[in-house]
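Here is a friendly note to read alongside the picture. Take a moment to look over the chain, and then go through the points one by one.

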Amino acid sequence: MKKYICETCGWIYDPEVGDPDSGIEPGTAFEDIPEDWLCPVCGVGKDDFSVVEE
């Protein structure tokens, strides 16, 4: 699964880790996160994330 970076603050969503503080379990693909989820650091929406090119 791909990692996604917040273009506003640089926080990286890693699907292997998820975002447990926001109820996103480890193993959750970015595409499967609810549309109303917000970056846990700066509060922007999913539209402000892009794929991390590895």
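Which residue forms a salt bridge with E35, and how far apart are the closest N and O atoms?

1. **The pair with E35.** The partner is K46, and the closest N and O atoms of the two are 3.3 Å apart. A salt bridge here is a side-chain nitrogen of Lys or Arg within 4 Å of a carboxyl oxygen of Asp or Glu. Both E35 and K46 lie in the loop between β2 and β3, so the pair ties together parts that are 11 residues apart in sequence. Strands such as these are DSSP runs (E, at least two residues), and helices are runs of H or I with at least four; both are numbered from the N terminus.

2. **What to keep in mind.** This is a predicted model, in which local features need pLDDT of at least 70 and side-chain atom pairs count only at pLDDT 80 or more, while totals for chains, interfaces and linings use all residues. Residues are numbered from 1 along each chain as its sequence is written, and side-chain values use heavy atoms, with hydrogens and water left out.

3. **Buried or exposed?** Buried means under 20% relative accessible area, exposed means over 50%, and partly exposed is in between (1.4 Å probe, protein chains only). E35 counts as exposed because its relative accessibility is 62%, whereas K46 is buried at 9%.

4. **The other salt bridge.** A search of the whole structure finds two salt bridges. Besides the pair above, the side chains of K3 and D14 meet at 3.8 Å, N to O. K3 lies in the segment before β1 (4-6), and D14 in the loop between β2 (12-13) and β3 (49-51), so this pair ties together parts that are 11 residues apart in sequence. K3 is partly exposed at 29% relative accessibility, while D14, at 18%, counts as buried.

5. **Cysteines without a bond.** The structure holds zero disulfides, a disulfide being a pair of cysteine sulfur atoms within 2.5 Å. For C6, the nearest cysteine sulfur is that of C42, 3.6 Å away. The sulfur of C39 has its closest cysteine sulfur in C9, but the distance is 3.8 Å and therefore too far for a bond. C6 counts as buried at 2% relative accessibility, and C39 counts as buried at 4%.

6. **A look at E7.** E7 lies in the loop between β1 and β2 and is exposed, with a relative accessible area of 58%. Leaving aside neighbours within four places in sequence, E7 is in contact (heavy atoms within 4.5 Å) with D48, F49 and S50.
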